[in-house]
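Have the viewer open while you read.

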Amino acid sequence: MIESLLVANRGEIARRIIRTARRLGIRAIAVYSEADADLPFVAEADEAVLIGAPAPAQSYRNTEAILAAAKSTGAQAIHPGYGFLSENADFARTVESSGLIWVGPPADAITAMGDKINARNLMSAAGVPVAPGTTDPAADLDAALTAAAEIGYPVMVKAAAGGGGMGMAVAVDETALRTEYDKVRAFAERMFGDGSVLIERFFPRVRHVEVQILGLADGRVVALGERECSVQRRNQKLVEESPSPAVSPELRSRLLAAAVRAGEAVGYRNAGTVECLLDPASGEFFFLEMNTRLQVEHPVTEYVYGIDLVEEQLRVASGLAPTFDPDALTPRGHAIEMRINAEDPKRFLPGPGVIRTWVEPTGTGVRVDSGYTEGNTVTPFYDSLLAKLIVSGATRDEVLDRAQEAVAAFRIEGPKNNVPFFTELLMNEEFRSGSYDTGIVPRMR
């Protein structure tokens, strides 16, 4: 097993990785920016290194500073968490060429799945269903208009190099496409350094369902169930649950088999997620993208399958067998995760500030993965995620009831936060019935 691990991230995910590392007797090393010096993950690491100014480019995206910290502390491996450098193939290659262990998938798999058009084509060749769309970038507006006419409106205009719900827009007709194409292309060039755009079919009423995969050290790829991710704002997730209330046993079998084929097609190792769109009317599902990293919502899978995904990541990176029997995976119960963000609960606009009060809920089946505590300052430099509230139980109804109690007990004063939104959601008839789709949040507003 790896003996020393540098966590190239911050906040709740750094704290969560450190927790597992220390449980396994692995020396945990944190890196932090000037803005994060007082956060819990820094104090909880065995060693912590200041790597730069608050701006991510000068700290958490600063490859040279992170590698220097690894060298100075004698780290054996680097875990990137999610976001920042986690899906940067060049960084993965640099880590390995520096003689360190990369706790993530092969760099070639990151590259293969990082471009949405290339990923779609690879998945189609592997027999994974993909939505109707372009097989090459729409080089200009005329090409986009031609593709949209063949696919049929409405269409989704997407940045080929995008991720995290960014760089996407819906065009309901030709007039809208003329506007959205230029916007998405300009955004993609600015944010990702790649203005390539793809056009694909848009489903007005659709569910977002993903499958957790794990590429084992022996070369096998296994699927650890699905997660429902349809509660979203601006194409970014707010709530995830497992199993999905929309997925039947027969559909689950097809979903998981397709996800395994996706992983096998790129020689996948370590943790990853195959994201799909599910048309509830027809039962059809289509490949959306593969996230070549640990997901924010991984705890719901941990509860349902009784495993520690970070530990499994470390075991794969160490060349060890998993803690579970891949041929006897048995899901049990239900789990829901709610993302507690520093943003107002109506328009979801960021609201940084000093945390005056921080009281986490406790009780049976309640877990809080937090990045902050009382007295910390939420700055505008990073993602607005404060904590993840995860609730588990034997049935979905039991989990919903426990979640209501947990949300009511979660007290945060200081920065704006979206806890009141979850109070509203958990009382929403559409959500409680399990029949919701990605349009639920706009309908609530």
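## Around Tyr 382

Start by picking Tyr 382. Leaving out residues up to four places away in sequence, Tyr 382 touches Arg 10, Ser 33, Ala 35, Asp 36, Pro 54, Pro 56, Ser 59, Tyr 60 and Phe 84, where contact means heavy atoms within 4.5 Å. Tyr 382 sits in the loop between β18 (377-378) and β19 (385-393). Helices (H or I, at least four residues) and strands (E, at least two) are DSSP runs, numbered from the N terminus. With a relative accessibility of 11%, Tyr 382 counts as buried; the cut-offs are under 20% relative accessible area for buried, over 50% for exposed, and partly exposed in between (1.4 Å probe, protein chains only). Its C-alpha atom is 12 Å from that of Arg 61, although 321 residues separate Tyr 382 and Arg 61 along the chain.

A word on the model: it is predicted, so local features need pLDDT of at least 70 and side-chain atom pairs count only at pLDDT 80 or more, while totals for chains, interfaces and linings use all residues. Residues are numbered from 1 along each chain as its sequence is written, and side-chain values use heavy atoms, with hydrogens and water left out.

## Strand β19 and its partners

Nine of the nine residues of β19 are buried, so the strand is mostly covered. Two strands pair if DSSP finds at least two bridges between them. Strand β14 (residues 334-341) runs antiparallel to β19, and eight bridges join them. One place to look is Arg 339, whose bridge partner in β19 is Lys 388.

Strand β17 (residues 366-370) also runs antiparallel to β19, this time with five bridges. Here Ser 370 has Ala 387 of β19 as its bridge partner.

## The parallel sheet

Now for another sheet. An open sheet of five strands has the order β3-β2-β1-β4-β5, with parallel pairing. At the edges are β3 (47-52) and β5 (101-102), each of which pairs on one side only. Strand β2 (residues 27-33) makes five bridges to β3, in the parallel sense.

## Ser 86

Is Ser 86 buried or exposed? Ser 86 is buried, because its relative accessible area is 2%. The loop that holds Ser 86 runs between β4 (77-79) and α4 (89-97). Neighbours within four places in sequence aside, Ser 86 is in contact with Pro 80, Gly 81, Trp 102, Ile 110, Thr 292 and Arg 293.

Most residues other than glycine have a negative phi, and most peptide bonds are trans. With that in mind, a few spots deserve a click. The peptide bond from Tyr 153 to Pro 154 is cis, with omega near 0°; Pro 154 belongs to the loop between α7 (141-151) and β6 (155-159). Ser 242 and Pro 243 are also joined by a cis peptide bond, with omega about -5°, and Pro 243 is in the loop between β11 (236-242) and α9 (249-265).

Then there are two positive phi values. Arg 234, in the loop between β10 (221-233) and β11, has phi near 55°. Asn 235 is found in the loop between β10 and β11 too, and its phi is near 65°. Arg 234 counts as partly exposed at 46% relative accessibility, and Asn 235 is partly exposed at 37%.

## The whole chain

Zooming out, the protein chain has 15 helices and 20 strands. Its C-alpha trace spans about 60 × 50 × 45 Å along the principal axes.

Buried residues make up 57% of the 445 residues. Of the contacts with a separation of 6 or more, 65% come from residues 24 or more positions apart. The accessible surface is about 17,000 Å², with 50% belonging to carbon and sulfur atoms (Shrake-Rupley method, 1.4 Å probe; for residues, only the protein chains shown count as cover).
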